[in-house]
Amino acid sequence: LRVVQIPMPPLRERREDIPLLIEHFIDLYNQRFGRRVKGMETDAGKQMMSYAWPGNIRELQHAVEHAFVMCRGDVIGLKHLPPALQGPAPSLPAGAGDGEAKDEVSRIVAALRKAGWNKSQAARSLVMSGLTIYRKMEELGIEDEVETS
């Protein structure tokens with residue numbers, strides 16, 4: 001058995017793929033749950049396009065699934081998106097270099113503080129897995145805040 005690795009640029013560098021992936025995931029969940037969601041409202045789509053997607057396609061898939069479950073109608077709106085995507089989008093500009101890491105650190109630390117440093121809760125709010133938040137914390141040098149009394 002041979003494994004072939006195919007290098008792929010991060011989703012934030014392939015923004016043109018986001019609408020196609022969203023459409024694919026909506027079709028997938030329509031089949032899986034026997035629903036007829038047609039697509040996304042313009043604001044929700046813009047928010048999805050401007051988001052940084054540090055978790056890449058898996059994070060996008062989880063965000064669409066969350067929105068799909070929250071939506072009771074046939075069009076996904078901004079209010080159906082995960083909380084991390086409902087406010088101003090913490091976007092990462094292409095080619096920002098060190099700025100990308102700083103933005104991601106800020107976003108993760110803000111979620112951790114809001115969750116009282118509960119990593120599982122923070123990961124859910126960021127639409128990423130618990131393992132991903134631990135890995136990101138290690139990669140980005142984020143250490144637990146120690147409360148002093």
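**Exercise 1. Determine in which helix Lys-119 is found, and whether Lys-119 counts as buried or exposed.**

Lys-119 is found in helix 6, which spans residues 119–125, where helices are DSSP runs of H or I with at least four residues, strands are runs of E with at least two, and both are numbered from the N terminus. The model is a predicted one, in which local features need pLDDT of at least 70 and side-chain atom pairs count only at pLDDT 80 or more, whereas totals for chains, interfaces and linings use all residues. Residues are numbered from 1 along each chain as its sequence is written, and side-chain values use heavy atoms, with hydrogens and water left out.

The next step is accessibility: Lys-119 has 14% relative accessibility and therefore counts as buried, given that buried means under 20% relative accessible area, exposed over 50%, and partly exposed in between, with a 1.4 Å probe and protein chains only. Leaving aside residues up to four places away in sequence, Lys-119 touches Leu-112, Ile-133, Tyr-134, Met-137 and Asp-144, a contact being heavy atoms within 4.5 Å.

**Exercise 2. Find how many salt bridges the whole structure holds, and describe the partners.**

A search of the whole structure gives two salt bridges, each defined as a side-chain nitrogen of Lys or Arg within 4 Å of a carboxyl oxygen of Asp or Glu.

One of them joins the side chains of Arg-14 and Asp-17, with an N to O distance of 2.9 Å; Arg-14 is buried at 10% relative accessibility, while Asp-17 is partly exposed at 22%.

Asp-74 also forms a salt bridge, with Lys-38, and their closest N and O atoms are 3.1 Å apart. Because Asp-74 lies in the loop between helix 3 and strand 2 (75–76), and Lys-38 in the loop between helix 1 (18–33) and strand 1 (39–40), this pair ties together parts that are 36 residues apart in sequence. Asp-74 is partly exposed, with a relative accessible area of 33%, and Lys-38 is exposed at 68% relative accessibility.
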